[in-house]
Amino acid sequence: MNKVISVDELVEMVKASKSSKQKKPVIVWFENVSGDILKYASFGEPYDLAVSLSEADDEIAFNRDAGSPLTDYDKCIDGDKVRNITDEERYAFIIPSCVKISGSGELITKVYLHSPIIPYIGEKGLNSIQFAEMVHDKLNLPVFLLFPLKWKEKMNADFSAFDEILCSDELENVKDRWLKRVAGKNENGYQIVDSFFLDFLKTAPNELLTREFDKGQDDVVYRRMRYEKWEELSKRLREELEIEIVPLSCGENSNKEMIQEKYNLLFTDGNLNFDALRELLEQIPKEVWEKWYNENHFELEINKVLNKESNRLDVIKSFLVSDSGSFPENATIELLKFHNLA
């Protein structure tokens, strides 16, 4: 690989290929760019980038399946009989369902993407690499295969028919771009990552920002931080306030309009205003508050100093930094310390 590009450059390359010829199909290997992928997709993996590009453009097809439509299958129905698929059929080219063709037989699809969830490319019949080469040659379509670089040795495939490109950058560069982007607003006017988390991340160790800074550790996704998790936590913060916390202050005669009005008052310039939240929490009757606390105690157990008599704002802050099952405990503890809650 003698060419290194950014995620932005790759996206432009894919879009531009719709109206240009591609001499050879392309394999793009990804390393250290999950934060940049999040500009285009909800998760920072090559697979999610492929999904996002195809969903945004009807002329870009995404094939998530391994190999051809007959790879790894043994049987087919022939008339009224079930028979074995022959090797000739298994290795023949079949246009995949993701490729769109008009009623007059013209290709609607202008670009073919493939990216799997796991590094499996098929065994019985054409594998994903061989099939993509056929898509390129027989349909004359630009082809881009998107794979994590760490999968290259696991695939045991011949890539000689492909141009290979590395999509990568220095980790600090990706981090700086991500921090700048998530300090901006989403389509609803909220800061992408609320300052409650972002102020912490600007000073926190890199290992708490994303697992890419922590190469030597076990890569179990739910135990370790990812850029997208911080974006998810901000979304969760807003959802928990609107759906669970604000209604506690509205009483039995509450309605959607009342809840929405109180919820809107909690945010200043797209960020949670804790002075406004404190005022709202004081409106919750004691018995209602204690009932909520008891029902959510599991989420609060990591903060050993809390109880139902604790400062309500501290309790809610602790609740908002927790996400049992997917948010690592060490990140929660450091967040609590940053906000003087532990």
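The buried residues of helix H7 pack against helix H2 (34-37), helix H8 (195-201) and helix H9 (227-245), where contact means heavy atoms within 4.5 Å and buried means under 20% relative accessible area, exposed over 50% and partly exposed in between (1.4 Å probe, protein chains only). The model is predicted, so that local features need pLDDT of at least 70 and side-chain atom pairs count only at pLDDT 80 or more, while totals for chains, interfaces and linings use all residues. Residues are numbered from 1 along each chain as its sequence is written, and side-chain values use heavy atoms, with hydrogens and water left out.

The buried residues of H7 are Leu171, Val174, Lys175, Trp178, Leu179 and Val182. They cover an arc of only 130° around the axis, which places them on the same side of H7; the arc is that of the directions from the helix axis to the C-beta atoms. An α-helix has 3.6 residues a turn, so residues three or four places apart point the same way.

In the protein chain as a whole, the secondary structure comes to 15 helices and 10 strands, where helices (H or I, at least four residues) and strands (E, at least two) are DSSP runs numbered from the N terminus. Of the 342 residues of the chain, 49% count as buried, and the C-alpha trace spans about 75 × 50 × 35 Å along its principal axes. Among contacts with a separation of 6 or more, 68% are accounted for by residues 24 or more positions apart.

Ile117, by contrast, is exposed, with a relative accessible area of 61%, and its place is in the loop between strand E6 (111-114) and helix H5 (128-139).
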